[in-house]
Amino acid sequence: MMRLSPRSLTGQLALLILIAFLAAQFISLWLFTGERGTALQASLRVETAERAAAVVIALEEAAPDNRPGILAAARSHHAQFDVGESAISSKEIGLSAVRSRVTDVLGSPREIRAEEVGISPRDGRPMTPPAALAWLRDRLLAAGIAPTELRLSVLLKDGSWLNVRSRNDLRDFQLPPAILGTIMLSLVLIMAALWLGMRRITGPLRHLVQAAEEMGIDGPAFSMPRGGPDEVRALSDAMERMQARISGMVTDRTRMLAALGHDLRSPITALRLRAEMVDDDETRERIAATLDEMQEMVESTLAYARGVSPDQPMEPTDIPRLLSELASELSETGQQVTLGTMEPVTLPVRRTPMRRALRNLIENAQRYGAGAVIGLSRMGSDVVIYIDDTGPGIPDAELSRVFEPFTRLEQSRSRETGGVGLGLPIARAILNAHGGSVELKNREEGGLRAIVTMRSAVGREEYRSWTR
């Protein structure tokens, strides 16, 4: 489903402000046009009243034969003047401003009737809405929004009535250029201020995102942004302290594991010497097998500890060549490992730990998948290594659990068939320390695929800090 709203903070805030600004301008223009319509309507009433009073004076002073000419001269497109025996308006009260204006011009009180009715914009006939909607008609008339007709009747001295119909059509709304220019200028200034303000916020936030992506558990501390608002600077300080705590915790854990693995070597060696003194051959062989298993667990634990240890410098490494060397070596001692599509890639890595991580993944494919096929390709700024096998695969629920230390899906507990359960955790720890990742997926055609993702875009300052 297409996403219509913007995803960025700047875009969402800009859209919200734009909607609020347009809504505010629409309400302001609606109020402005309402007041403008009311003012025009009041002005037209006064004008009609003055014209009607002038026509009354002219009719009463002129000869009866001249009345048709006076009425014809007074008529216009919006106003009709006629003399009749009866009044066209029956309201003796209402429109006091019109009545008082006619009286002021005439200088003497007259019987005046005036009313204003709503008319249809198509044929000019009076509107007769249902009783339930009468209130809406009255509001439209009061606001000067609907077209109206002013009906004014003035009693002449001879007993006849001057009837005036003045039509106030609904004028098309035209936005003055000055108002339109002011709206556009305000919108441009608001958006410019928003862009400058959000840049001060989102710039450091993007730097924080980059710092979080580049943050390694054993790498150098990434430069945190120091600009922007106080909240962003406080977040930068908090992330810097968090990185320091994580690095210290991992360093302490690594030292503890290394010390523990190193200290276990001595008692294992002593037990191996004492086992040689056992006379019973079967017992001696069982003790030796148990000590070998303990030795392998210790070595694996040390390898796991060294996998996140910065004891080796970063160096540019030809990744396809490294994979080719591993494929050649492992094919000599196990199932066949073949190379698929290989794109040329050079990455700064710690060569020995990276070699160990890739070796563990390939050996896992050899042991459980009857061989492996390795491919390497680029995906944007990432380098992706595929290690495919044709084995039985892993249940989807277990794909993430196999990366936990000492986890073995093979239930025989034999070192020849299942190892000690640290191969995949060691590989993941090494790749994570390089800013990469590894995941397992079952292939549709059968077998398992290990996907190693490494970043190929490395900043110049970051590379210099790695190679110091």
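Reply: Contact here means heavy atoms within 4.5 Å. This is a predicted model: local features need pLDDT of at least 70, side-chain atom pairs count only at pLDDT 80 or more, and totals for chains, interfaces and linings use all residues. Residues are numbered from 1 along each chain as its sequence is written, and side-chain values use heavy atoms, with hydrogens and water left out.

First, the setting. The protein has 12 helices and 11 strands. These are DSSP runs, numbered from the N terminus: helices are H or I with at least four residues, strands are E with at least two. Of its 468 residues, 34% are buried, meaning under 20% relative accessible area with a 1.4 Å probe and protein chains only; exposed is over 50%, and partly exposed lies in between.

Now the helix pair. Helix α9 covers residues 351-369 and helix α11 covers residues 423-433. Their axes lie 8 Å apart, at an angle of about 145°. Axes are lines fitted to C-alpha atoms, for helices over the stretch in contact; angles run from 0 to 180 degrees between N-to-C directions. The α9 and α11 crossing is left-handed: the near helix is turned anticlockwise from the far one by less than a right angle, while clockwise would be right-handed.

Which residues touch? On the α9 side they include Pro 353, Met 354 and Leu 361. On the α11 side they include Leu 424, Ile 426 and Ile 430. By class, this contact has 9 nonpolar, 3 polar and 1 charged residues. Ala, Val, Leu, Ile, Met, Phe, Trp, Tyr, Cys and Pro count as nonpolar; Asp, Glu, Lys and Arg as charged; the others, Gly among them, as polar.

Next comes His 434, in the loop between α11 and β10 (437-442). Its relative accessible area is 10%, so His 434 counts as buried. Beyond neighbours within four places in sequence, His 434 contacts Met 314, Val 349, Arg 350, Met 354 and Met 454. Met 354 is also one of the α9 residues that meet α11. A polar atom of the His 434 side chain lies 2.9 Å from the backbone nitrogen of Arg 350.

Last, Met 342, in strand β6 (residues 337-342). Met 342 is partly exposed, because its relative accessibility is 24%. Neighbours within four places aside, Met 342 contacts Pro 320, Leu 323, Ile 374, Gly 375 and Leu 376. Met 342 and Ile 319 are 23 residues apart in sequence, yet 9.3 Å apart in space, C-alpha to C-alpha.

How values were computed
Polar contact = N/O pair within 3.5 Å; in protein donor to acceptor, adjacent residues only side chain to side chain.
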